Amino acid sequence: MPPFYVTTPIYYVNDAPHIGHAYTTVAADALARWHRLNGRETFFLTGTDEHGQKVQRAADKLGRTPQAHADEMHLRFKALWARLDIQYDDFIRTTEPRHVAFVQDLLQKLHDRGELYQAPYSGWYSTSAERFWTDEEVAAAGGLCPDTGSPVEWLTEHNWFFRMSAYQERLMAHIAANPSCIQPDTRRNEVLGYLRKPLADLCISRPKTRLAWGIPLPFSPDYVTYVWFDALSNYVSALQDPPARMVFWPEALQLVGKDILTFHTVYWFSMLMAAGMSPPKQVYAHGWWLMTGKKMSKSIGNVIKPDAMIDAYGADALRYFLLAAVPFGGDGEFTHEAFLHRYNSDLANDIGNLSHRATSMPEKWLGSVVPAVGVQTEEDRELQAVAVRATSAFTANMEIVQFKAALEGLWELVRAGNKYIDSQAPWALNKRGETERLGTVLRNVMEVVRVAYSYLACVTPGKSREVLSRLGATEPDLDPTFDRLVTGHPVSHRDPIFLRLDAIPESLVSTDPVVPAAAAAPPPAAPPVAAPPADEPAAPVAQIEYDDFAKLQLRTGLVLTADKHPKADRLLVLSVDIGEGKPRTIVAGIAAVYDPAELVGKTVIVVANLKPAKLRGIESQGMLLAAGGSDIASILTPYRPVPPGSVVK
Ligand code: MSP
């Protein structure tokens with residue numbers, strides 16, 4: 001088996017880590033753990049990107065050196081990775097001497113090979129964005145910086161350039177010959193599209209007078225190197241010592257966000273080619289975590305703090321959610337409702353329940369030990385077949401970096417395990433005194449738990465360790481056959497491994513008082529109240545008494561499913577959880593403005609006490625509130641996260 005090397009981007013020390021950063025690192029950790037579990041020699045690298053103007057400015061403001069600033073700030077990442085159970089093999093910082101030495105050697109090598117040259121560089125410079133813009137870009141932004149909207153100045157600098165344009169053909173040929181070197185396919189096509197346009201040379205220096213906090217060019221000490229040239233080199237600088245580490249390089253799988261794909265392919269591949277090295281085996285670009293449709297980022301301020309999620313749900317639940325909620329490569333909208341829903345259904349209900357049953361039943365009936373493998377019936381063999389199928393699906397999908405599909409594959413076994421308990425009814429076997437069969441059934445259930453938690457060990461390492469140890473297994477064991485536990489080993493039964501939660505933990509929601517639906521007065525029957533459409537003049541409106549308004553029972557509801565109405569183009573059929581235990585079916589005339597898929601996981605406002613009405617054959621048990629009058633512009637959603645069933649007034 002060849003070795004396995006996985007990397008994350010190195011994170012800017014200036015940002016506080018958020019869910020977006022945790023995402024790449026958790027994904028890399030899951031892969032590293034998976035390959036280690038399979039006995040593959042594995043190296044997992046992460047780290048921090050510590051040079052550049054932003055770090056220098058932040059340090060200046062605090063009256064400290066940039067190095068002292070980076071020394072402190074990088075610890076926030078290390079602390080979060082410790083909380084998230086991230087098992088990296090090395091953490092590289094771009095200010096470490098080993099990295100600086102490597103970058104300078106690389107620059108010297110490229111210089112000696114004639115890959116670098118000096119030339120004037122002119123453009124519109126934005127101090128706030130720390131970069132040059134072209135004439136067209138500035139013109140399109142009304143003469144201002146397209147990023148920050150602040151004034152730009154025309155600057156001419158003498159800089160060093162890398163002959164990247166010379167690599168255009170080689171880059172295209174390399175990608176064509178190794179189509180899997182950029183994944184997903186759509187991203188590879190984007191890169192190829194980029195390469196079809198003329199490729200310019202890359203300016204790789206900054207005069208020290210403008211930027212002092214960087215790695216000096218060894219052959220031109222008045223300049224420091226461009227931060228991306230510095231940062232990208234980390235993936236190889238970390239493998240220099242001991243030199244044997246370089247065996248990992250040809251096997252590199254580099255996980256990056258889609259926003260930094262061009263850097264990691266066009267720039268990085270050509271830098272490596274110029275240095276006489278091979279490009280990484282694969283660069284995999286994942287999508288973004290969004291909040292209300294926008295990329296989660298510190299500058300927008302719409303970030304979810306991983307620490308708060310870990311406090312509320314535990315590290316493993318966060319790790320699981322990040323990997324199970326969206327296919328790797330696509331974007332995902334982060335909502336607390338969707339998190340709670342998935343936590344309860346997949347973790348507390350499905351797998352949590354399964355392991356709880358596996359340890360509580362022997363405690364009650366068999367003296368808390370692993371029972372012997374007995375004679376297997378047809379149903380037992382079927383369950384065994386599911387275990388083989390589910391684990392191969394997991395394996396196949398992990399090989400193609402599809403965590404969600406891998407977990408869905410494994411869940412076939414988890415659900416089959418729960419169904420098997422229901423159909424075999426061990427409580428009835430116990431009652432009838434069929435002890436041998438009871439032992440066989442429980443042993444099979446324990447083996448299902450052992451298999452499921454062993455595969456999950458790369459995603460939920462803490463919970464897996466805990467459950468496996470309850471069954472007497474010290475290490476995850478990926479063999480799906482149902483005879484791997486130690487017969488007679490004591491089984492310990494403790495608290496549920498994932499506690500069911502009735503509402504979004506308070507620490508994560510607004511501090512505004514929310515009244516749970518159960519505490520509200522029973523809804524009196526009342527006629528629907530139609531709001532005046534906003535696209536008509538707002539006044540005059542007939543006034544009503546408060547008591548009339550109070551008749552209206554409005555609740556927040558979590559959209560669980562949304563589908564097109566089979567008989568009406570205009571209508572969508574939603575299933576909405578409004579905190580009653582059973583979801584409501586709501587038929588809404590919003591098909592022209594909403595795609596069913598985008599509504600799932602959204603919190604809506606539901607008129608809960610509207611008399612049910614049949615709409616084209618489907619009974620609607622309520623109505624959604626929407627703004628825009630007859631031409632609906634937007635459904636209404638709460639400004640801050642609130643649990644389903646909260647009273648709206
Ligand atoms: N320092 C550079 C990377 C240099 S690698 C040689 C950088 N750092 S970053 O801290 O801004 O971003 C690091 C990674 O986090 C990127 O892959 C980026 O895509 C990812 N994310 C930042 N916000 C994100 C989301 N909202 N969602 C998912 N990932 C996102 O870029």
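Start by selecting Lys-567, Arg-570, Lys-614 and Arg-616, which form a patch of positive charge on the surface. Such a patch joins like charges within 9 Å, using residues with over 30% relative accessible area and no salt bridge. Lys and Arg count as positive here, Asp and Glu as negative, with His and the chain ends not counted. The place of a charge is NZ of Lys, CZ of Arg, CG of Asp or CD of Glu.

The model is predicted: local features need pLDDT of at least 70, side-chain atom pairs count only at pLDDT 80 or more, and totals for chains, interfaces and linings use all residues. Residues are numbered from 1 along each chain as its sequence is written, and side-chain values use heavy atoms, leaving out hydrogens and water.

Now zoom in on Lys-614, which is exposed at a relative accessible area of 63% (exposed is over 50%, buried under 20%, partly exposed in between; areas come from the Shrake-Rupley method with a 1.4 Å probe, and only the protein chains shown count as cover). Lys-614 sits in strand 22 (residues 613-615); strands (E, at least two residues) and helices (H or I, at least four) are DSSP runs numbered from the N terminus.

Next, pick Glu-50 and Arg-93, whose side chains meet in a salt bridge (2.7 Å, N to O). The term means a side-chain nitrogen of Lys or Arg within 4 Å of a carboxyl oxygen of Asp or Glu. Both Glu-50 and Arg-93 are buried.

Finish with Arg-437 and Asp-380, another salt bridge, at 2.7 Å between the closest N and O atoms. Arg-437 belongs to helix 17 (residues 435-456) and Asp-380 to helix 14 (residues 378-399).

Conventions:
Patch = residues over 30% accessible without salt bridge, like charges linked within 9 Å, V, L, I, M, F, W, Y side chains within 5 Å. Buried < 20%, exposed > 50% of the residue type's maximum accessible area, 1.4 Å probe, protein only.
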